[in-house]
There are 2 protein chains.
Amino acid sequence: MSVKKKAVMVLSGGLDSTTLLYKLIDEWYEVNAISFFYWQNHSKELECAKKTCEKLWVNHKLVDISFLKDLLKSSLLDWADAIPEWHYQVENMKATVVPNRNMIFTSIAVWYGQSIGADIVALGIHNGDHDIYPDCREEFIEKLNDVVEISDWNKISLYYPLINMNKADIVKEWLGLWVDYWLTWTCYKGLDKPCGKCGSCTERLEAFKKIWTVDPLDYYQS
Amino acid sequence: MSVKKKAVMVLSGGLDSTTLLYKLIDEWYEVNAISFFYWQNHSKELECAKKTCEKLWVNHKLVDISFLKDLLKSSLLDWADAIPEWHYQVENMKATVVPNRNMIFTSIAVWYGQSIGADIVALGIHNGDHDIYPDCREEFIEKLNDVVEISDWNKISLYYPLINMNKADIVKEWLGLWVDYWLTWTCYKGLDKPCGKCGSCTERLEAFKKIWTVDPLDYYQS
């Protein structure tokens, strides 16, 4: 009998990272999830992350890094209404970029992983993010992995199995893993239900359409 | 006339990073310092960092990352008396390792640097740290730089000019730059003056002896 491998994973509560969590459990990892509160509009995600972990009996840490707000302004970090709508066009999306977010998340997750003797730190970064967020590119994650692997005497590696998937691929994966879709949040607005209009909702809805499925979530407009 | 280059630097308030700050000013950088409070015993360092920045009219941000305590135990992070004394022997020092600290500090400093349009993020990492702290090795910093350089559309590079210096080299540099030595703190204990016994004090005192100089600080025992 082989010993179960230990993973730390960054769980936003969105569709991608929630799918990754189910995938890790399916691959027999002992999962420890970590979520970050950074004053985002869409902190509803975090409630979903918490509920998913409770449901799956997964150890969950919530880390408040809202101090970052003092160091930066970005529309993802303000309680503003000015979230770019419809498509994730480069011009629009650059306004929502929280630079270097994945490096901060990863370095804290690695710290946590080192303290509990984890084998991997898993990230839900995927293909769709590449062009807009520099820290979601495969090249970036590969180089980040090079650093992580030598950051301690006990080797930890990054694991990012969604890197070559687009949103539709992830939804397919998601359906196969019987993910509880009620417990994911993708919308960038902090309303009681997803707006159906922001870039993030648009992308999610299109991914469902692409594989001839209907998103079971209730939207304000879709 | 060339435009002054902008730097963010990680300032602990110890001898190394304070020397680096003076060096950056000497090299005509517009410096923005960032210090981290992570519940360390030696938070006296941070008072020194603050005073040095006030004296030099340097913009200074203090960031509280004490949430890390919830994720890890390490003797540097507790109000314990059990700080290893005398030499920084590998067995002793491994007890004080705060894993992956430099990666966390750097990623937050890069975030800050990106928000203010900095050209470099400077780190006071030096030769003496290499064998004990995996995240102080030149190889680590080089690979970290590879990631940092592609983490945003605007390129920021790491600058670590002390990497091949030992403590005595830094003290020499320090003397040349007329650093205000009263405003540095190296001791790992949180007393009113440095203990003169902990690994950190021992190393500092030896560096002064090595270049036939006396450390002007007042120690409990030296």
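This is a predicted model: local features need pLDDT of at least 70, side-chain atom pairs count only at pLDDT 80 or more; totals for chains, interfaces and linings use all residues.
**Stop 1: Trp28(A).** Select Trp28 in chain A. Trp28(A) sits in the loop between helix H1 (15-26) and strand S2 (29-37) of chain A. Is Trp28(A) buried or exposed? Within 10 Å there are 11 other C-beta atoms. The cut-off is 12 or fewer, so Trp28(A) is exposed. Now check the backbone. Phi of Trp28(A) is near 70°, which is positive, and this residue is not a glycine. Most residues other than glycine have a negative phi.

**Stop 2: Trp57(A).** Stay in chain A and move on to Trp57. Trp57(A) lies in the loop between helix H2 (44-56) and strand S3 (59-64) of chain A. Its phi is positive, about 55°, although Trp57(A) is not a glycine.

**Stop 3: where chain B touches chain A.** Now show both chains. Here 30 residues of chain B are in contact with 30 residues of chain A. Which elements of chain B give two or more residues to the side that touches chain A? Select strand S3 (59-64), helix H4 (101-116) and helix H5 (138-149) of chain B. Then highlight H4(B). With nine residues, H4(B) provides the largest share of the side of chain B that touches chain A. Finally, colour that side of chain B by residue type. You will find 18 nonpolar residues, five polar and seven charged.

How values were computed. Residues are numbered from 1 along each chain as its sequence is written. Chains are lettered from A and ligands numbered from 1 in the order in which they are written. Two residues are in contact if their C-beta atoms, placed from the backbone, lie within 7 Å. Helices (H or I, at least four residues) and strands (E, at least two) are DSSP runs, numbered from the N terminus. Ala, Val, Leu, Ile, Met, Phe, Trp, Tyr, Cys and Pro count as nonpolar, Asp, Glu, Lys and Arg as charged, and the others, Gly among them, as polar. A residue is buried if 20 or more other C-beta atoms lie within 10 Å of its own, exposed if 12 or fewer, and partly exposed in between; C-beta atoms are placed from the backbone.
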